[in-house]
Amino acid sequence: MVDLGNYNELEIAREVDFGVYLTSDDGDILLPGKYLPEGAKVGDKLRVFVYRDSEDRMIATTLQPYATINQFACLTCTDETPFGAFLDWGLEKDLLVPLNNQKNKMQVGRKYCVYVYLDESSDRVVATSKLGKYLHNEDIKLEEGEEVQLLVAGLTDIGIKVIINGEYMGILYKNEVFQDLRIGDTATGYIKLIRPDNKIDVTLRKPGVNQKEEKDEAADKIMRSLEQGSGWMPLSDSSSPEDIYQTLGMSKKTFKRAIGGLYKAGKITIEPDSIRLKK
């Protein structure tokens, strides 16, 4: 059977004026001509994504959606109607989020984190912003210190909600984040703490690095940047944490420790709005 809402490898059965039909156990499926790879012919097998068009027919495309079924994704709302909202997921036909699948009523232009799935009653690919039932925090198979992949799912007063490895919900605390993260961004993180109530704290800082090692690594990075540049850098004690992170990828606290050590070692001079290699 065709794996609806996912990729399938299907054989070209016949050509028509407007594309080709691909053979499957569920009947022939149209691949419109604009998606047909150059040189493809009858008998060739193609990797295509299959979903339903606006007339409820199965249709194939070689475009790659931003998510397939059983995946989380952060997508932009393109339209809202009395029965639901539509999200841009990279295909011609936008992805429906039925009204009863919306945690909060969606607004055009805003980005939302959703779970994509195949609705059994309609046999259509849809999405939901009610994520709870698709997360597995009741059975966490992670270890503290483990490296994980994070998807930014939302912002709260205390920090950033992230989906961990596409399975669990966790949080990055605001006072430990030194970069601009927005809904839909991805990052590498580490499991900081798994709480008794199955809530997960994550961090962007690699565990096991002590302050001295961190300061030495930061100092080396600053020196390389100065030596490879003009010997000058427009950062100093008064620079914002955001500017420091964007330039060097480190927190302001680490930066200040590192330049303090370099200054004491006689390697740099510190000016009100910059640092320089000492000649």
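Start by selecting Asp139, in the loop between E10 and E11. Strands (E, at least two residues) and helices (H or I, at least four) are DSSP runs, numbered from the N terminus. The model is predicted: local features need pLDDT of at least 70, side-chain atom pairs count only at pLDDT 80 or more, and totals for chains, interfaces and linings use all residues. Residues are numbered from 1 along each chain as its sequence is written, and side-chain values use heavy atoms, with hydrogens and water left out.

**Stop 1: around Asp139**

Asp139 counts as partly exposed, at 41% relative accessibility. Here buried means under 20% relative accessible area, exposed means over 50%, and partly exposed is in between (1.4 Å probe, protein chains only). Show the side chains of Asp139 and Lys141: they make a polar contact at 2.4 Å. A polar contact is a pair of N or O atoms within 3.5 Å; within protein, one must be able to donate a hydrogen and the other to accept it, and residues adjacent in sequence count only if both atoms are side-chain atoms.

**Stop 2: colour by domain**

**Stop 3: the largest core**

Which residues have the most contacts inside the largest nonpolar core? Select Leu75, Leu87, Trp89, Leu95, Met106 and Val114; the core has 20 residues. A nonpolar core is a set of buried Ala, Val, Leu, Ile, Met, Phe, Trp, Tyr and Cys residues joined through side-chain atoms within 4.5 Å. At least two core residues come from each of strands E4 (45–52), E6 (71–81), E7 (84–88), E8 (95–98), E9 (111–119) and E10 (124–128). Domain 1 and domain 2 both contribute residues, so this core lies between them.

Centre on Val114. Beyond its neighbours within four places in sequence, Val114 is in contact (heavy atoms within 4.5 Å) with residues including Phe72, Leu75, Leu87, Met106 and Leu131.

Move to Leu131, in the loop between E10 and strand E11 (147–155). Leu131 is buried, at 11% relative accessibility. The C-alpha atoms of Leu131 and Val114 are separated by 6.9 Å, although the residues are 17 apart along the chain. Leaving aside neighbours within four places in sequence, the contacts of Leu131 are Phe72, Cys113, Val114, Tyr115, Ile163 and Met169.

**Stop 4: rings**

The whole structure holds 9 aromatic pairs. Rings of Phe, Tyr and Trp (its six-membered ring) pair if their centres lie within 6.5 Å; planes under 30 degrees apart count as stacked, over 60 as edge-to-face, and the rest as tilted. Select Phe49 and Tyr51: their ring centres are 5.9 Å apart and their planes are at 40 degrees, so the pair is tilted. Both Phe49 and Tyr51 are buried. Next, Phe83 and Phe86 pair edge-to-face, at 6.1 Å between centres and 85 degrees between planes. Phe83 is exposed, at 51% relative accessible area.

Now select the aromatic cluster of Tyr7, Phe49, Tyr51 and Trp89. The charged end of Arg47 sits over the Tyr7 ring, 3.8 Å from its centre. This label requires NZ of Lys or CZ of Arg within 6 Å of the ring centre and within 35 degrees of the ring normal. Arg14 lies over the face of Tyr21, 4.3 Å from the ring centre.

**Stop 5: positive phi**

Most residues other than glycine have a negative phi. Asp56, not a glycine, has a positive phi of about 70 degrees. Asp56 is in the loop between E4 and strand E5 (58–61) and is partly exposed, at 35%. Asp123, also not a glycine, has a positive phi of about 55 degrees. Asp123 is in the loop between E9 and E10.

**Stop 6: Ser236 and helix H2**

Is Ser236 buried or exposed? Ser236 is buried, with a relative accessible area of 2%. Find Ser236 in the loop between strand E16 (232–233) and H2. A polar atom of its side chain lies 2.7 Å from the backbone oxygen of Glu271.

Finish at Ser240, which caps the N-terminal end of H2 (residues 241–248). A side-chain oxygen of Ser240 is 3.1 Å from the backbone nitrogen of Asp243. After H2 comes Gly249, with a positive phi near 70 degrees.

Notes
Domains from an automatic or database assignment.
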